[in-house]
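Let's look at how the labels used for a protein structure follow from their definitions. Have the sequence and the model ready as you read.

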Amino acid sequence: MQMNPDDCTALVHAIEQEVGKVIIGQQDLVHSVLLCLMAEGHALVEGVPGLGKTELLKALSIACGLSSSRVQFTPDLMPADITGTQVIEESSDGRRSFVFRPGPLFAGFVLADEINRATPKTQSALLEAMAERTITAAGATRPLPRPFLVMATQNPIEQEGTYPLPEAQLDRFMMKALVPYPAAGELAEILRRTTGGAKPTSNQIADAESLQAVVSMTRQVPVADHLVEHAVALVMATHPTNGSSPPRITKYVRVGSSPRGAQALILGAKAEALINGRPNVSAADIRSVAPSVLRHRLLTGYEAAADGVTTDQLVSDVLEAIPTPSVSGRGI
C-alpha cells in the first residue's frame with residue numbers, strides 16, 4: 001500500500017482518537033505506545049494495577065485491526081507456554097501426527113503482564129521474539145506477524161518474588177513509559193464510562209498493510225547529520241567516563257546507554273516528527289523522546305537509591321548539559 005506522509009499522520013491521529021474513546025487521560029502513555037508502533041519497537045510500561053494498561057492494548061488492537069493476546073507472567077510460566085508447542089493430533093482415519101499449536105506470541109499485539117514475575121528463561125524467550133520477530137520451536141523457525149508490538153508491564157509496588165529484568169534485556173525495549181494515577185476529573189469520567197450498562201469501544205480504522213506503510217514511512221523521515229551527532233552526544237553524556245558527562249552522571253551511573261539507545265532516539269524522533277506532520281526531524285523531536293528512551297538504559301549504583309536520585313533526573317541533567325544544536329546560528 002502506498003501512503004504519503006500526510007496520510008500516515010492522519011491515520012495515526014485517527015487511531016489515537018479511537019483509543020481515546022476507551023482510555024481516559026494517559027495521553028503520554030498512548031503517545032509513547034503509538035511511537036513504538038510507528039518505529040516497530042516495543043514498550044515497557046510501569047505503573048500500579050488498574051490504570052488501564054490492558055484496556056489500552058485491547059482498544060489499540062481493535063483500532064488497528066490486529067489480533068491481540070494477554071499473557072499473565074507467573075513464576076511457573078514456561079517458554080513453551082508463550083511460544084507454542086507440538087501436540088499429538090488424531091485425524092479422522094485414526095492416524096496420529098505432531099501438530100504445532102502456536103502460543104500467544106503469535107499475535108500482532110502482545111501484553112506481557114507483570115513481566116518481572118516470570119523466570120529469566122521465560123523472559124528470554126519473549127525478548128528473543130521481540131528482537132528477531134521469529135519463534136524457534138519444535139526444530140523450526142516460524143515468523144511472527146507484522147507489525148508485532150510487545151507492551152510489557154511492571155508493577156513498581158510489589159517486588160517480592162519477582163525477577164527484575166537485567167539491563168541487557170531492558171535494552172530491548174525501545175521506550176519505557178511511566179503510568180501516573182489519574183487526576184480527580186479523569187477518575188470521575190472513568191467511573192461514568194465503566195460503571196454503566198454499556199462500555200465504550202473503539203472501531204477498526206486500519207489494518208496490517210496500512211500500518212506497515214506507516215512503519216516504512218517513519219523510517220524514510222529525513223534527519224540531518226548534525227542531529228544524528230546531537231543524538232550521539234546525548235548518549236555519550238550518559239557514560240560516566242565521558243568528559244562531557246554531568247557531575248551526577250559521573251557520581252551515580254555505572255553504565256550508560258548502549259548504541260540501541262541512540263538508534264531508539266533517532267527512530268523515536270522520526271516517529272515524533274511524522275505524527276506531528278513535520279517533513280523532517282528536529283532537535284526538539286530528539287529531546288522530547290529522550291526521557292522515555294533513556295530512563296531504563298542507565299544503570300545506577302546504590303548511591304543513587306540512597307540519595308533519592310532517579311534516572312529521570314539524570315536524563316534531565318544530560319539534556320541540560322548538552323545544548324540544542326544550531327546550524328549557522330539558526331536554532332534547529
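Pro 147 sits in the loop between strand S7 (140-143) and strand S8 (149-154); helices (H or I, at least four residues) and strands (E, at least two) are DSSP runs, numbered from the N terminus. This is a predicted model, in which local features need pLDDT of at least 70, side-chain atom pairs count only at pLDDT 80 or more, and totals for chains, interfaces and linings use all residues. Residues are numbered from 1 along each chain as its sequence is written, and side-chain values use heavy atoms, leaving out hydrogens and water.

Q: What kind of peptide bond joins Arg 146 and Pro 147?
A: The bond is cis, with omega at about -5°. For background, most peptide bonds are trans.

Q: Why is Glu 40 called buried?
A: Buried means under 20% relative accessible area, exposed over 50%, and partly exposed in between (1.4 Å probe, protein chains only). Glu 40 has 14% relative accessibility, so it counts as buried. Its place is the loop between helix H2 (27-38) and strand S1 (43-46).

Q: What makes the phi of Glu 40 worth a look?
A: Phi of Glu 40 is near 55°, a positive value in a residue other than glycine. In general, most residues other than glycine have a negative phi.

Q: Why does Glu 114 count as buried?
A: Its relative accessible area is 17%, so Glu 114 is buried. Glu 114 also has a positive phi of about 55°, although it is not a glycine. You will find Glu 114 in the loop between strand S5 (109-113) and helix H5 (120-132).

Q: Why are H8 and H11 called roughly perpendicular?
A: The axes of helix H8 (residues 208-220) and helix H11 (residues 259-275) cross at roughly 110° and come within 8 Å. Axes are lines fitted to C-alpha atoms, for helices over the stretch in contact, and angles run from 0 to 180 degrees between N-to-C directions. Angles under 35 degrees count as roughly parallel, over 145 as roughly antiparallel, 65 to 115 as roughly perpendicular and the rest as oblique. H8 and H11 are therefore roughly perpendicular to each other.

Q: How do you know that Cys 36 is in no disulfide?
A: A disulfide is a pair of cysteine sulfur atoms within 2.5 Å. The structure holds 0 disulfides. For Cys 36, the nearest cysteine sulfur, that of Cys 64, is 13 Å away. Cys 36 is also buried, at 0% relative accessibility.
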